[in-house]
Amino acid sequence: MQPIGAVLQFLDEHPGCTRQQLVEGLCPGQDTSAPAVAEVLSPLRWLIDKGHVIEFSDGTLAVPRAHRPPAERARSVPAS
């Protein structure tokens, strides 16, 4: 999975997590200066800048409801 997709999927599955929890979840056991950590944080900065992810003042992260993956939106729509 590409880094942007991995970040969005993790945040969707773990609402209210912090940057540290995101890094630990996607790069377990990695040092904070490891290249794998930079590959997670770089897309996260872009996602926050573009509004695809919200970073609250307490450090928690969230994916706005309108940006949920299409498959999940389809499941939440009641059948007619």
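Mentor: Once neighbours within four places in sequence are set aside, Thr18 is in contact (heavy atoms within 4.5 Å) with Gly59 and Leu61. This is a predicted model, in which local features need pLDDT of at least 70 and side-chain atom pairs count only at pLDDT 80 or more, while totals for chains, interfaces and linings use all residues. Residues are numbered from 1 along each chain as its sequence is written, and side-chain values use heavy atoms, with hydrogens and water left out.

Trainee: How far apart are the C-alpha atoms of Thr18 and Leu61?

Mentor: The two residues are 43 residues apart along the chain, yet their C-alpha atoms are separated by 5.8 Å. Thr18 itself sits in the loop between helix H1 (3-13) and H2, where helices are DSSP runs of H or I with at least four residues, strands are runs of E with at least two, and both are numbered from the N terminus.

Trainee: What makes Thr18 count as buried, partly exposed or exposed?

Mentor: Buried means under 20% relative accessible area, exposed means over 50%, and partly exposed lies in between, with a 1.4 Å probe and protein chains only. Thr18 has 24% relative accessibility and is therefore partly exposed.

Trainee: Why is the pairing of Arg19 with Glu55 called a salt bridge?

Mentor: The term requires a side-chain nitrogen of Lys or Arg within 4 Å of a carboxyl oxygen of Asp or Glu. For Arg19 and Glu55 the closest N and O atoms are 3.0 Å apart, and the pair forms a salt bridge. Arg19 lies in helix H2 (residues 19-26) and Glu55 in strand S1 (residues 54-55), so the pair ties together parts that are 36 residues apart in sequence. Arg19, at 27% relative accessibility, is partly exposed, and Glu55, at 34%, is partly exposed too. A search of the whole structure finds 1 salt bridge.

Trainee: How do you know how many disulfides the whole structure has?

Mentor: A disulfide needs a pair of cysteine sulfur atoms within 2.5 Å, and the search of the whole structure finds 0. As for the cysteines, Cys17 is buried at a relative accessible area of 5%, and Cys27 is buried at 8%.

Trainee: How do you know whether the end-to-end distance of helix H3 agrees with its number of residues?

Mentor: The expected span is 1.5 Å times one less than the number of residues. Helix H3 (residues 35-50) has 16 residues and should therefore span 22 Å, and its end C-alpha atoms are 23 Å apart, which agrees.

Trainee: Which residues of H3 are buried?

Mentor: In H3 the buried residues are Val37, Val40, Leu41, Pro43, Leu44 and Leu47. They cover an arc of only 165 degrees around the axis (taken from the directions from the helix axis to the C-beta atoms), which puts them on the same side of H3. The face turned away from this buried side carries the exposed residues Pro35, Glu39 and Asp49, while the cover over the buried residues includes H1, H2 and strand S2 (61-62).
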